[in-house]
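Dear colleague,

I am handing over the structure below, and my notes on what was found in it follow directly after.

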Amino acid sequence: MTDQTLRQEVLTARRIVVKVGSSSLTTAAGGLDADRVDALVDALAKARTQPGAPEIVLVSSGAIAAGLAPLGLDRRPHDLARQQAAASVGQGLLVARYTASFARYGVRVGQVLLTAEDASRRVHYRNAYRTLDQLLAMGAMPIVNENDTVATAEIKFGDNDRLAALVAHLVRADLLVLLSDVDGLYNGDPSKPGTTRIDQVRGPQDLDGIEIGSAGKAGVGTGGMVTKVEAARIATGAGIPVVLTAASQAADALAGRQTGTLFLRTGSRSADRLLWLEHASSPRGALQLDPGAVEAVVSGGKSLLPAGVTRVDGDFAAGDPVDLLGENGHIVARGLVNFDARELPRLLGRSTRELAQELGAAYEREVIHRDDLVILRG
């Protein structure tokens, strides 16, 4: 399969998620750069008007950065409270800027703020999908961001690159485009002679020998590039190809031209929300399993029953994500638990029938249903 054919495959995408980073939208001093926002909007609006135009969802960073200058902050704060305050001010400014810019093309925007918790729970996941799908059906431009004003360390996605990969999965996108201040993935620090851009990544083996994590600001090793490669791994594993390029080349990327780095899909498409449970949830506790329960859950695709749990760690509520541990303490799975941490100890090692007879019908159920379980391999 030729590179041109592969880019044609990208060109046929009918639903695209585009993610743009803060550095591509804001000034060095903090605050939105209207010209940069307008340039991005120009590229997105043009892509929407082409024959057979795709639907586009925009995942946009920039809320915290946009709120710095108005609050008299000269740099991004380290403490969560001031980050949330900056996001509260900046989110309104960011959406107002997008609203005004898209209005030049007669396009309405809709703001969608998510936390990891919103997408790990079944009902919240369905609601998020319906909202985004309806906005697209009505011709609006969904603008997604993490809800930084309320997200705590336990429920944060961690970065908007990962959020974008998970949103692409949520909306069943055909393509994810990651826009940055770097025009692709390089085999070294781009500022040094002899380094070249990697045009195509077919799988993890193509990244062997490439150091991602030690280069300077504009190189492969920036923290930003690390998160982009991880986002590409999540998306391609879910059957979604990824183009990584500079924000200034957004129009070329959306037109299917040879720009940036193309990551080819490595897995198959799925509407399973458990990708979110694996990549966007932070466990609130852990359950130790006996060997039989590990076998039933990991190999047998079974639900976790009270009889298979030997120990409870952490302080969690019903509905929270917890890790499931094998005998050696290794994490084998993660799931959404049906009982509080305080309820579980008296249930351990007992059959659901016995529990129902003693405690009532509400206790004749799984500790974690198989539909709320994801196996964590490796």
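Strand S7 (residues 242–246) and strand S8 (residues 261–263) run antiparallel and are joined by 3 bridges, with valine 242 having phenylalanine 263 as its bridge partner in S8. Strands here are DSSP runs of E of at least two residues and helices are runs of H or I of at least four, numbered from the N terminus, and two strands pair if DSSP finds at least two bridges between them.

This is a predicted model, in which local features need pLDDT of at least 70 and side-chain atom pairs count only at pLDDT 80 or more, while totals for chains, interfaces and linings use all residues. Residues are numbered from 1 along each chain as its sequence is written, and side-chain values use heavy atoms, with hydrogens and water left out.

An open sheet of mixed pairing is formed by 8 strands in the order S3-S4-S2-S1-S5-S7-S8-S6, and its edge strands, each pairing on one side only, are S3 (109–114) and S6 (200–201).

Of its 18 lining residues, the closest to the centre are Leu275, Glu278, His279, Val374 and Ile375, where lining means having an atom within 4 Å of a point. Helix H8 (223–237), helix H10 (274–280) and strand S13 (373–375) each supply at least two residues of this lining, and H10 gives the most, with 4 residues.

Best regards

Terms used: On a 1 Å grid over the protein atoms alone, a cavity is a set of points where a 1.4 Å probe fits but cannot get out, and a pocket is an open set with protein on both sides within 12 Å along at least five of seven lines; lining residues have an atom within 4 Å of a point.
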